[in-house]
Amino acid sequence: MMAQASYLSVWKDGCHPDTRVGVRHRLTTHLSNHLNPLVVLQSSPGMGKTAIAKSIAAEYDQQKRLGASFFFDKAGAKRSTDSAKLFVSTLACQLAEHHPRYRNALFKLLHNDSQLLSRSGQDQLKRLIIDPMNAI
């Protein structure tokens, strides 16, 4: 199961090219280090988190560097973006779309454990994302 939560489904705009340049640069520099594969943006409402994240996701997608994206939305019940319930499975589906070796590893896991998607989020993260990525 997958939420409609990728950066492409976000109705808000990304940053104007001349805004938040310093923040975007710091984040992309951080992400360029292979030891930092993830960033969580946290601040008060209206501070531009979505615009920044959408801009970086679009840039990385154009460069074929984006593995997956998930944009939470408190009002997104219809798209399943209002909770973490489909977070891991959504990331797994997006990764499988772009990475054939990961997709094959994921299919094997799901074939061997039909209850995997009903496990805890932490167990799903380990079994659906971390373990298959370490195996390829």
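This passage looks at how helices 3, 4 and 5 sit against one another, with a brief stop at helix 2. The structure is a predicted model, so local features need pLDDT of at least 70 and side-chain atom pairs count only at pLDDT 80 or more, while totals for chains, interfaces and linings use all residues. Residues are numbered from 1 along each chain as its sequence is written, and side-chain values use heavy atoms, with hydrogens and water left out.

Helix 4 (residues 100-112) and helix 5 (residues 121-135) have axes that come within 10 Å and cross at roughly 135°. That puts helix 4 oblique to helix 5; oblique is what remains once angles under 35 degrees (roughly parallel), over 145 (roughly antiparallel) and 65 to 115 (roughly perpendicular) are set aside. Helices here are DSSP runs (H or I, at least four residues), numbered from the N terminus. On the helix 4 side, Y102, A105, L106, L109 and L110 meet R127, L128, I129, P132 and M133 of helix 5, contact being heavy atoms within 4.5 Å. The contact residues split into 9 nonpolar, no polar and 1 charged, with Ala, Val, Leu, Ile, Met, Phe, Trp, Tyr, Cys and Pro taken as nonpolar, Asp, Glu, Lys and Arg as charged, and the others, Gly among them, as polar.

In helix 3, the buried residues (under 20% relative accessible area) are V88, S89, T90, L91, A92, Q94, L95 and A96. Helix 4 and helix 5 are among what covers them.

Q62, by contrast, lies in helix 2 (residues 49-62) and is exposed, at 69% relative accessible area, where exposed means over 50%.

Technical notes: Axes are lines fitted to C-alpha atoms, for helices over the stretch in contact, and angles run from 0 to 180 degrees between N-to-C directions. Helices (H or I, at least four residues) and strands (E, at least two) are DSSP runs, numbered from the N terminus. Buried means under 20% relative accessible area, exposed over 50%, partly exposed in between (1.4 Å probe, protein chains only).
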